[in-house]
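Here is a friendly walk through one model, written for someone who likes to see the cut-offs. Please have a look at the sequence and structure before reading on.

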Amino acid sequence: MINNILMFKRNSVCYDTLNIFTDKVASLFKAKGINVDFIDLTAADVEERITEYTSNKYDAIIAFNSLGQHGFKVNGQYLSDYMGAPFYDYIVDH
C-alpha cells in the first residue's frame, strides 16, 4: 500500500505547466488518503531540504519530464538511491 509520496517541482518550467500538473496529480493522491510532500529542485537550500525528508519513508518518488533524474545528487548519491525509494518518471508533453 502506498502511504507517502515525494514529488518534485522546479520554478516556472513551460509557463508553470509541469508544476500545475504536479499539483493536480498530488490532489488526486491526497483525495485517496496518500500523504504527498514536495521539493522544489531549484531552491537554493534544496540539499538541506532533502535531508529533512530522509527521516520519512517514501513509497515512491514521482517526477515529470525527468526532474531530479539527470545528474542531481545529494551527498554524492543519485536522489532515488539517497532517499531509498523507487523513482517513477513520467514524460508528458507541455
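How many aromatic pairs does the structure hold? There are 3, where rings of Phe, Tyr and Trp (its six-membered ring) pair if their centres lie within 6.5 Å.

## Ground rules

This is a predicted model, in which local features need pLDDT of at least 70 and side-chain atom pairs count only at pLDDT 80 or more, while totals for chains, interfaces and linings use all residues. Residues are numbered from 1 along each chain as its sequence is written, and side-chain values use heavy atoms, with hydrogens and water left out.

## The aromatic cluster

Let's start with the rings. Ring pairs join Phe21, Phe64 and Tyr90 into a cluster. Helices (H or I, at least four residues) and strands (E, at least two) are DSSP runs, numbered from the N terminus.

Phe64 is buried, with a relative accessible area of 5%, whereas Phe21 is partly exposed at 36%. Here buried means under 20% relative accessible area, exposed over 50%, and partly exposed in between (1.4 Å probe, protein chains only). Phe64 also forms a tilted pair with Tyr90, at 6.0 Å centre to centre and 40 degrees between the planes. That pair links strand 3 with Tyr90 in strand 6 (residues 87-90), 26 residues apart. Tyr90 is partly exposed, at 43% relative accessibility.

## Lys9 and its surroundings

Now for a lysine. Lys9 lies in strand 1 (residues 4-9) and counts as buried because its relative accessibility is 19%. The charged end of Lys9 sits over the ring of Phe38, 4.6 Å from its centre; the test asks for NZ of Lys or CZ of Arg within 6 Å of the ring centre and within 35 degrees of the ring normal.

## The nonpolar cores

The largest nonpolar core has 17 residues, and those with the most contacts inside it are Phe8, Ile39, Ile50 and Met83. Such a core is a set of buried Ala, Val, Leu, Ile, Met, Phe, Trp, Tyr and Cys residues joined through side-chain atoms within 4.5 Å. At least two residues of this core come from each of strand 1, helix 2 (46-53), strand 3 and helix 3 (79-83). A second, separate core of 10 residues includes Met7, Val25, Ile34 and Ile62.

Notes. Phe/Tyr/Trp six-rings, centres within 6.5 Å; stacked < 30°, edge-to-face > 60°.
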